[in-house]
Amino acid sequence: MYLDFRPANDRPAYIQVKDYMKRLITTGALQADQKLPSTRELSALLHIGRNTVLSAYADLENEGYIYAVKGQGHFVVPSISGASVHPVGKPLDWRLRLNDYARLAEENDLMKHGIRAEKGAISFTSIAPDEKLFDLQNVKRAFLDRMSLEGDVLLNYGYAKGYKPLIDYLLSYMENKGVNIQGKDMLITSGFTEALSLVLSTLNKNHGRILCENPTHHTAIKNFKMHGYDITGIEMEPDGISLTGLARELSNRPYDLAYLVPSYHNPTGIVMSHQKRLEALRLLNDYEIPVIEDGFNEELRYSGSHIAPLVACAGGESNSVIYLGSFSKILFPGLRVGWVLADKTLIDYLESVKRARSIHTSTLDQSLLYQYLYNGNFERYLKRAKAEYKRKYELAIRCCQEWMPMERLSGDGGLHVFIEFDRDFRTRELLAACSAKGVVFTPGDIFYTDGGGHHTLRLGFSRVSDENIEKGIRIIGEEARKLV
C-alpha cells in the first residue's frame with residue numbers, strides 16, 4: 001500500500017495526499033477504525049514533506065473522514081470506510097427505463113452515430129469557427145474588466161431572463177438590423193439549441209405538424225422529432241424556399257409552426273431573396289402560422305447587399321416571427337449564449353419555462369460576451385474573420401469547380417458549401433471511399449426531412465487549412481469520378 005501515489009506538479013501537494021487517502025478509505029483499502037501511519041511515517045512512504053501530511057490529515061479530520069485519539073494517532077471513521085464496495089440490491093437495467101424522448105435523442109446523436117474522423121484525417125464535417133482566429137487578448141481584457149466592476153454579482157445567481165446589459169445591447173443590435181422592437185422583448189438562452197427547445201416546449205401543439213425548408217438544420221429536425229412534431233419539408237430553389245411548394249402545403253393541411261433559415265441556410269448556404277422573404281411571410285401570415293427564424297450566420301456575407309432578417313421584414317406591428325440568434329458560429333462557441341427575440345407576452349412565458357428548467361444562463365458567460373461587444377471588439381474581429389473565411393470560401397469553390405463531377409454547388413457565404421451530384425449518385429458510398437483515403441465530410445441525407453438527399457454532401461471549410469482544402473477536395477473529386 002502507498003506505493004501507487006504519483007504526485008503531479010500542477011496541484012498543491014497536500015490536496016493530492018488528501019484525495020489519495022480519501023480514495024483508500026472510500027474504496028475499503030483502509031478499513032473502519034484502522035490506524036493510519038503517523039505523519040512522519042506517511043511522509044517517508046510517499047516521499048513528501050511532513051508538513052504536507054499534517055495539512056492533509058487536518059483536512060481529512062475536518063471533513064469527517066478520520067478521527068484523532070490523543071496519544072495514539074489517527075483512525076478511519078467507520079461510516080466512511082468501504083461505503084462504495086458493499087452493493088445494496090441488484091443492478092438496474094436503465095435501458096428498460098428510458099422514455100421515447102431519450103431514445104430519440106440518442107438515435108439522432110451525430111456525435112455518437114455520425115462520421116468519425118481518424119486522427120490526422122482531413123475533416124470537412126465541422127462548421128464551427130476557426131479557433132486560430134479567436135481574439136484571446138481582448139477576451140481576457142473583457143473578462144478582467146467585468147470582474148473588476150461586479151465580480152461578486154457575476155459569481156452569484158442571475159436572472160432567468162438574462163443579464164440586463166447584454167439584453168439592452170442585443171436589442172440595440174437587432175434594431176440596427178432594421179427590427180422594430182416595439183412590443184417585443186428578449187430572453188437570453190444557452191445557445192440556439194436551448195432557445196429552440198424552449199419555444200417548442202412552450203407553444204401549443206394543436207395539429208402536431210411543422211413546416212420547414214427541405215433540406216434543413218439537422219439539430220432542428222432532431223428537436224422537432226423529440227417534441228413529437230411531424231415534419232413537412234418544402235423544396236429549395238436557388239433563392240430560397242419554393243413559394244409554390246409553400247402555398248401548396250399550406251392549402252393541403254393545417255400547421256402549428258414554420259421554421260426557416262433565410263440567411264446562409266444550413267446546409268445549402270442559400271440566402272433567401274428579399275422579395276421571397278416578404279412573400280413567404282405573407283403566405284404564412286394568411287394562415288396565422290408563427291415563424292421561428294433561425295438567424296444562422298447572418299453576419300458572414302462576403303458579397304452583395306445586406307438583406308434584412310424575416311423579423312425585420314415582417315414590419316413593426318407584426319408579432320408572428322420568433323427570432324433565434326447566436327454568435328456561436330462567428331465568435332466563441334464555448335460561450336453558450338443565444339437569444340430569443342419575440343412578442344413580450346411570449347417572452348414572459350418563456351422566461352418562466354427557462355427558470356423552471358435551468359434557472360438562468362451563466363451570468364459569467366453573458367457578462368464576458370457583453371463586455372467584449374461593448375469594448376468594440378466584435379466589429380474588428382468580424383472584419384478579420386470575414387476576410388479569412390471569404391478567402392477559404394473562394395478557395396473551396398475553385399477546388400470544387402476543378403475537381404468535383406457535380407451537378408450543382410450552392411453557398412452564398414457562411415462556413416460551408418453544399419454539393420449536389422446526379423440524382424442516382426450515393427454520397428454515403430463516396431464517404432466510405434474517401435474515409436479510406438483519410439478524408440471525411442457530412443453526407444447530405446441527414447438534413448432532409450423526407451429521406452432524400454442521398455446525392456448531396458456538405459463541406460465545412462472553416463477549420464481546414466488551405467493545403468488540406470485543396471488536397472481533401474481533390475481526393476473527394478477523384479473518388480467521386482470513380483463512382484460516376
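Select glutamate 299 and lysine 177: their side chains meet in a salt bridge, 3.0 Å from N to O (a side-chain nitrogen of Lys or Arg within 4 Å of a carboxyl oxygen of Asp or Glu). Glutamate 299 sits in the loop between strand S9 (291–294) and helix H12 (310–313), and lysine 177 in the loop between H7 and S4, so the pair ties together parts 122 residues apart in sequence. Helices (H or I, at least four residues) and strands (E, at least two) are DSSP runs, numbered from the N terminus. Both glutamate 299 and lysine 177 are buried (under 20% relative accessible area; exposed is over 50%, partly exposed in between; 1.4 Å probe, protein chains only).

This is a predicted model, in which local features need pLDDT of at least 70 and side-chain atom pairs count only at pLDDT 80 or more, while totals for chains, interfaces and linings use all residues. Residues are numbered from 1 along each chain as its sequence is written, and side-chain values use heavy atoms, with hydrogens and water left out.

Next, show the open sheet of 8 strands, ordered S4-S11-S10-S9-S8-S5-S6-S7 with mixed pairing (two strands pair if DSSP finds at least two bridges between them). S4 (184–189) and S7 (240–241) are at the edges with a single partner strand each, so one side of each has no neighbour in the sheet. Helix H7 (residues 164–176) packs on this sheet and touches S4, S10 (321–326) and S11 (338–343); contact means heavy atoms within 4.5 Å. The direction of H7 makes about 125 degrees with that of S4 (axes are lines fitted to C-alpha atoms, for helices over the stretch in contact; angles run from 0 to 180 degrees between N-to-C directions).

Move to helix H17 (residues 466–483). Its 18 residues reach 26 Å from first C-alpha to last, close to the 26 Å expected at 1.5 Å a residue (the expected span is 1.5 Å times one less than the number of residues). Buried residues of H17 include Ile469, Gly472 and Ile473; among the elements covering the buried residues are helix H15 (377–403) and helix H16 (427–436). Arginine 474 is partly exposed at 29% relative accessible area, and glutamate 478 is partly exposed at 31%.

Finally, select aspartate 445, in the loop between strand S15 (442–443) and strand S16 (456–460). Aspartate 445 is buried, with a relative accessible area of 13%. Leaving out residues up to four places away in sequence, aspartate 445 touches Arg428, Gly452, Gly453, His454 and Thr456.
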